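Please view the model alongside the text.

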Amino acid sequence: MTNADSSGASNSSGESSKESSRCSTPVLDADRSDRLRDKMRRRIESGDHWFSLEFFPPRTASGAVNLISRFDRMGSGGPLFIDITWHPAGDPGSDKETSSMMIASTAVNYCGLESILHLTCCNQTKDKITGYLGKAKHLGLKNIMALRGDPVGADWEEEEGGFNYAVDLVKHIRSEFDDYFDICVAGYPTGHPEAESYQQDLRHLKEKVDAGADFVITQLFFRAETFLKFLDDCRTIGITCPILPGIFPIQGYQSLRQLVKLSKLEVPEEITSILEPIKDNDAAIRNYGIQLAVEMCRVLLDSGKVPGLHFYTLNREVATMEVLRQLGLWTEDPRRPLPWAVSAHPKRKVEDVRPIFWASRPKSYIYRTQDWDDFPNGRWGNSSSPAFGELNDYYLFYLKSKSSKEALLQMWGEELLSEESVFEVFTFYITAQSNRCGQKVLCLPWNDEPLAQETNLLKDELEKVNRRGVLTINSQPNINGKPSTDPIVGWGPAGGYVYQKAYLEFFTSSENVTALLKVLKKYEPRVNYHIVNVHGRNLTNAPDMQPNAVTWGIFAGREIVQPTVVDPVSFMSWKDEAFALWIEQWAKLYEDESPSRMIIQYIHDNYFLVNLVDNDFPLDNCLWQVIDDMFELLDSPAAPPCEDATP
């Protein structure tokens, strides 16, 4: 819910647009630098409707992990932006994982969501506010919602050396940071509860807009006509910027009562008469709330005056997503602007090339490259400089698994009996079947999500090799000129064609590697390989250490785009992370010196990490034959024993 705003004026007053704006991620064209207000303008001009979502910071570290997972899920539906509320009692400007600043920063940098950070005047000096704004800019935040804030006690107390009205905060932002931030302010369809009159509150809103606000988000309301009248009244007095209605799908009786108490609104009798008899039935209330919100939103959108809807989610997803689906606004487009998750940080706007190794760990990649000054554009150059940052902070809430320790043990085994127990975990992940305890394996240390649609194209082959100890953590099929609109492998603007070389990355034993090296000799130069162990033993047939493009796209009127590469130099940085995950996310689930922990430690110490690229993408993928040949050599009774590849 939008924080309460000022009721008084300052004492010292004076391509299609839908495609290019959805979900705030950049696409491969010139509008990458678009500001939020520009995206709104384009959508208004084209008649495309949009939605946005509000969240509040969690109270606990585990809540932060869950909220970031919710960002990823709800971000897939295409919000134009999200906003994060400012909670003065929660140290909102700090580096704590539960602070408003860190949640908003994570949404931008690690979830790729255009985000608005709320900022209030409450209990803050001008210097402190300036410091918070500077920090927000450094973190890549570009949008601020300027609010007075709710008073700590019953009444507002003036802050010495601070601001008492939102209009003063707007003026300060413009004075200190010029036009860097897009600024949002709050509007009240029934008038602010502390305002002398509805008309006076409208005048105060115009003062905020005239001071430099770019758009308005309103407090919640219960009738469509309430907002439409407010909108007309705003236009009558000369407020011309976008005004977004704040929509609250009723999700529970108690949450509604709390929200009404905070906002000092009255629930219409026609709503309370329906809610009272079902107040103890959460499902019935949620269904009614969804129906009510859908009906109200349809009236607003059909009016032709409302370009977008802003939803107060209360950090829940079911009701809001259902409302959006029924309105036809939930556009879960499987196509991506690039084949990897894009950061919304402004300094990364040119980035369009990454090593494929971090395909399933994009947040880790962003974390390890956060200090880079320049990002690759057009091709991947010498990645030995700048260097990848270390990854020692596995505990950070945006790098942790979203599953609890208990859930991970159920998926990966309360007790491991042998290396084959580990093979089974990988196999169950690939097949999406339940393990021996009836639990589905929904993630691995190298991938916190279920298998991607694209990987499902290789499911049968992946199952076969994992059962035999080729433990795959990354793969892609070969693609020869599929349309960029393909629902499984498509990416980039419509009307293009995408290509891929078959790629396979896995852990396997030193015995397997010894046989694999013998087999690979007959596949050169078609197959490039890179094989390394945790100790740094490095085997490759890419002696010049040049990047190998494994994904590329051809689009009308632009150069070839090659967004993923296999790079031998950066593979060595990835190797450290890939091996460490065995210990950090799996072995540490078990007691020291326990058999289960020792099995994982053995794999970490003795297995090799392998990547294979089949360069002949127009032909059938030969990598499965490479693996078959390896096992055939190992299984052949006539073959001499292979020397162990361990150093």
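## Cysteines

Is C121 buried or exposed? C121 counts as buried because its relative accessibility is 0%. This is a predicted model.

How many disulfides does the structure hold? The count is zero. A disulfide is a covalent bond between the sulfur atoms of two cysteines. For C121, the closest cysteine sulfur belongs to C122 and lies 8.7 Å away, so it is too far for a bond. The cut-off is 2.5 Å. C122 is likewise in no disulfide, with the sulfur of C121 as its nearest cysteine sulfur. C122 has 5% relative accessibility, so it counts as buried.

## Backbone geometry

E524 and P525 are joined by a cis peptide bond. Omega there is about 5°. P525 sits in the loop between α18 (510–520) and β14 (527–533).

Two non-glycine residues with positive phi deserve a look. N315 has phi near 65° and is not a glycine. Its loop runs between β8 (308–312) and α12 (318–327). N315 counts as buried because its relative accessibility is 12%.

E593 also is not a glycine, and its phi is positive, at about 65°. E593 lies in the loop between α19 (568–586) and α20 (595–606). With 64% relative accessibility, E593 counts as exposed.

## Salt bridges

How many salt bridges are there? The count comes to 38. One of them pairs R37 with D214, with the closest N and O atoms 2.9 Å apart. This pair links distant parts of the chain. R37 is in helix α2 (residues 36–46), and D214 is in the loop between α7 (198–210) and β6 (215–220). They are 177 residues apart. R37 is partly exposed at 22% relative accessibility, whereas D214 is buried at 16%.

R37 and D214 also belong to a network of salt bridges.

R361 and E577 meet through their side chains in a salt bridge, at 2.7 Å from N to O. This pair too links distant parts of the chain, 216 residues apart. R361 is in the loop between β9 (354–355) and α13 (362–368), while E577 is in helix α19. R361 counts as buried at 9% relative accessibility. E577 is buried as well, with a relative accessible area of 1%.

K279 forms a salt bridge with E276. Their closest N and O atoms are 3.8 Å apart. K279 is partly exposed, with 35% relative accessible area. E276 is partly exposed too, at 38%.

Note on methods. Residues are numbered from 1 along each chain as its sequence is written. This is a predicted model: local features need pLDDT of at least 70, side-chain atom pairs count only at pLDDT 80 or more; totals for chains, interfaces and linings use all residues. Side-chain values use heavy atoms; hydrogens and water are left out. Helices (H or I, at least four residues) and strands (E, at least two) are DSSP runs, numbered from the N terminus. Buried means under 20% relative accessible area, exposed over 50%, partly exposed in between (1.4 Å probe, protein chains only). A salt bridge is a side-chain nitrogen of Lys or Arg within 4 Å of a carboxyl oxygen of Asp or Glu.
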